[in-house]
Amino acid sequence: MSSVRVLVGTRKGAFILSADGARRSWRVDGPLFGGWEVYHLKGSPVDPNRIFASQSTSWFGQLIQRSDDGGVTWEPVGNQFLYDGVPGTHQWYDGTPHPWEFARVWHLEPSLEDPDTVLAGVEDAALFRTTDAGQSWHELAGLRATGTGPTWQPGAGGLCLHTIIVSPADHRRIFIAISAAGAFRSDDAGVSWRQINRGLLSEGIPVEDAEEGHCVHHLALHPSRPDVLYMQKHWDVMRSDNAGDSWYEVSGNLPTDFGFAIDVHAHEPETVYVVPITSDSLHYPPDGQLRVYRSRTGGHEWEPLAKGLPQRDCYVNVLRDAMAVDTLDECGVYFGTTGGQVYASPDGGDSWDAIVHDLPAVLSVEVQTLA
Amino acid sequence: MIRVVLPAHLKKLANVSGEVSLEVPSPLTQASLLDALEARYPMLLGTIRDPTTRRRRAYVRFFACESDLSHDPPDTALPRPVELGLEPFVVVGAMAGG
C-alpha cells in the first residue's frame with residue numbers, strides 16, 4: 001500500500017510526518033537537529049530514502065545533512081559554499097555596493113535522474129551543485145554572470161535564491177527565482193541564464209515593468225505542462241504559458257493577491273493552490289480566517305477552501321516553501337504555518353486536518369509519495 | 001593533552017560527550033588548536049570559524065582561565081595552564097536570543 005512522508009523544516013529543527021495512503025493517522029518523528037533552523041529538506045526522486053537537509057544557525061553556520069535510510073540516521077556532508085572567483089558586489093538595502101557573502105542554503109533540489117546530484121539555492125543569491133551526494137559544492141556561476149548581479153537587491157528576508165525547478169521534460173532547463181531580483185531560466189543545465197520577467201508589474205520598484213527587481217516569492221509547474229509556470233509574486237498571482245518568456249496576471253477574484261506559497265495539483269495541471277495573505281506588512285490571512293484558495297481553471301477564478309481550517313482569530317503566515325502535494329490517486333495537499341501547524345488535505349483541498357498543532361514556526365514542507 | 005569544551009550543539013554534531021582531548025603541535029595558539037580540532041572532527045569545519053577567512057564566527061566565543069580570548073589574534077599563544085592541560089579551552093555559543 002502506498003504511503004506518504006512529509007518532511008517539515010522549522011525554526012528549531014526538522015520533523016518527519018508519516019502516514020499510510022489514507023492519510024488520516026500520522027506518526028510524528030523529531031525534532032531532528034533540534035535547536036537549528038532547517039530551511040529545507042527534500043528527498044531524491046530517484047532514491048526516496050536519500051534525503052538532504054539544510055541545517056543552520058547564526059551561531060554555527062551552515063551544515064548539510066544527508067540521510068540514506070529515509071531520515072532515520074543522518075550524516076553531515078560538505079558545507080563549503082565558496083563563490084566562484086571574485087564574488088563582487090550586489091546592492092545593499094541603502095543602495096550601496098555590498099560584497100556577496102554566503103549566509104545559508106534556502107532550498108535543495110535533488111536531481112530527477114541522479115541521486116548524487118543536487119542543486120542548492122543560497123543567500124546571498126547563487127546556485128550551487130553537488131555531484132557527489134553533498135560532499136562538495138560548486139557554484140553555477142553563469143547565473144551571477146548575467147551582468148545584472150551588481151544591481152540585485154535583497155528582500156526583507158535577504159538576497160535569497162529560494163526556488164529551483166528542473167523541467168521534467170528537459171532536464172537541461174532550470175527555472176529559479178530570487179528575492180528581489182526576479183525569475184531566471186537556463187536552457188543548458190545552468191551554464192547560461194536569462195531573465196524571465198516580462199509582464200511582471202511591481203509598484204515597489206522604480207520602473208514597474210522593469211526586467212529585474214521583482215520580488216518573486218515562488219514558482220510552480222505541473223510535469224505534464226512543462227511550459228506552464230505559476231508564480232506567487234510579492235503582490236499578484238501570475239501565469240506563463242511559454243516557459244517564462246512572458247507572464248500575465250491570474251489573480252482574478254482572490255481576496256488579496258499577496259502571498260508566498262503556490263502549488264499545482266498532482267493530476268490536474270489547471271488546478272492551482274495559493275494561500276492569500278493580507279498584505280506585505282500584514283503577514284496573516286484576511287480577517288483572521290485561514291483559507292487556501294483553489295483555481296480549477298489555471299487561475300482567474302478561485303474558490304476558498306476552509307473546511308477544517310481555523311476561521312477566527314488566526315494570524316499565522318504560510319511561507320514560500322511550506323506547501324506541497326503528494327501524487328496519490330486522490331491528490332493530497334499539505335501546508336505548514338508560522339504558528340507551527342501542518343495541515344493535510346487528503347481530498348485535493350476539500351477538507352483539512354492538522355497533522356500537528358504546535359511545532360516551531362514551519363519554514364518548509366515537502367512530501368514524498370512512497371510505493 | 002589539550003582539553004577543549006564544546007557547546008552542546010557541536011558536541012552532538014561531533015558525537016562526543018564531555019571534554020575533548022587533543023594533541024596539538026607547538027606552538028599552541030587558537031589557530032593551531034582549531035586546526036587540530038577540525039582535523040580530528042571534520043564535521044566541525046565551518047561551525048566555529050569561517051572556512052575561507054578562518055575568522056571566528058560572530059556568535060562564537062573562546063574562553064580560558066576565566067578570560068575572554070575571543071578577540072585575541074589567532075596566532076597568540078594560549079595560556080600556560082591550557083598548554084599543561086590544567087584548564088580547558090572553552091568554545092561558547094555567544095549569549096544571544098533565539
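Predicted model: local features only at pLDDT ≥ 70, side-chain atom pairs only at ≥ 80, totals over all residues.
Let's start with His162(A), which you can find in strand E14, residues 160-166 of chain A. Is His162(A) buried or exposed? Its relative accessibility is 1%, and because buried means under 20%, the residue counts as buried. If you set aside the neighbours within four places in sequence, the residues in contact with His162(A) include Trp106(A) and His107(A), the run Ala177(A), Ile178(A) and Ser179(A), and the run Val216(A), His217(A) and His218(A). Arg320(A) and Asp321(A) are in contact with His162(A) as well.

Now turn to the place where chain A meets chain B. Chain A brings 15 residues to this contact and chain B brings 18 residues. The size of an interface is often given as the accessible area lost when the parts come together. Here the area buried between the two chains is about 1300 Å², with carbon and sulfur atoms giving 61% of it. On the chain A side, Trp59(A), Phe60(A) and Gln80(A) lose the most area to chain B, and together they account for 49% of what that side buries. What kinds of pairing cross between the chains? The count of salt bridges between chain A and chain B is zero, while five residue pairs are in polar contact across the interface, both residues being at pLDDT 80 or more. Strand E6 of chain A, residues 61-67, gives the most to the side that touches chain B, with three residues. By residue type, that side of chain A divides into six nonpolar, eight polar and one charged.

Next come the cysteines. A disulfide is a covalent bond between the sulfur atoms of two cysteines. How many disulfides are there over all chains? A search of the whole structure finds zero. Take Cys215(A) as an example: the nearest cysteine sulfur belongs to Cys160(A) and is 7.6 Å away. As a disulfide needs the sulfur atoms within 2.5 Å, Cys215(A) is in no disulfide. Cys215(A) counts as buried at 15% relative accessibility, and Cys314(A) is buried too, with a relative accessible area of 7%.

Charged pairs tell another part of the story. Side chains of opposite charge can pair when their charged atoms come close. The structure holds 30 salt bridges over all chains. One of them joins Arg194(A) and Asp245(A), whose closest N and O atoms are 3.1 Å apart. This pair links distant parts of the chain, 51 residues apart: Arg194(A) is in strand E17 (residues 194-195), and Asp245(A) is in the loop between strand E20 (237-240) and strand E21 (248-249). Arg194(A) counts as partly exposed at 34% relative accessibility, and Asp245(A) counts as partly exposed at 28%.

Another salt bridge brings together the side chains of Arg239(A) and Asp241(A), at 2.7 Å from N to O. Arg239(A) is buried, with a relative accessible area of 8%, whereas Asp241(A) counts as partly exposed at 38%. A further salt bridge, of 3.3 Å from N to O, is made by Arg296(A) and Glu268(A). Both partners are in loops, 28 residues apart: Arg296(A) between strand E24 (292-295) and strand E25 (303-305), and Glu268(A) between strand E22 (262-264) and strand E23 (272-274). Arg296(A) is partly exposed at 45%, and Glu268(A) is partly exposed at 30%. Salt bridges that share partners also build one network from Arg173(A), Arg185(A), Asp187(A), Arg194(A), Asp227(A) and Asp245(A).

Finally, look at helix H2 of chain B, residues 30-40. Why is this helix described as largely enclosed by the rest of the structure? The reason is that eight of its eleven residues are buried. Among them are Leu33(B), Leu34(B) and Leu37(B), along with Gln30(B) and Glu38(B).

Key:
Residues numbered from 1 in each chain as written. Chains lettered and ligands numbered in written order. Heavy atoms only, no water. Helix = DSSP H or I, 4+ residues; strand = E, 2+ residues; numbered from the N terminus. Buried < 20%, exposed > 50% of the residue type's maximum accessible area, 1.4 Å probe, protein only. Contact = heavy atoms within 4.5 Å. Buried area = accessible area lost by both parts, 1.4 Å probe. Salt bridge = Lys/Arg side-chain N within 4 Å of Asp/Glu carboxyl O. Polar contact = N/O pair within 3.5 Å; in protein donor to acceptor, adjacent residues only side chain to side chain. Nonpolar A, V, L, I, M, F, W, Y, C, P; charged D, E, K, R; others polar.
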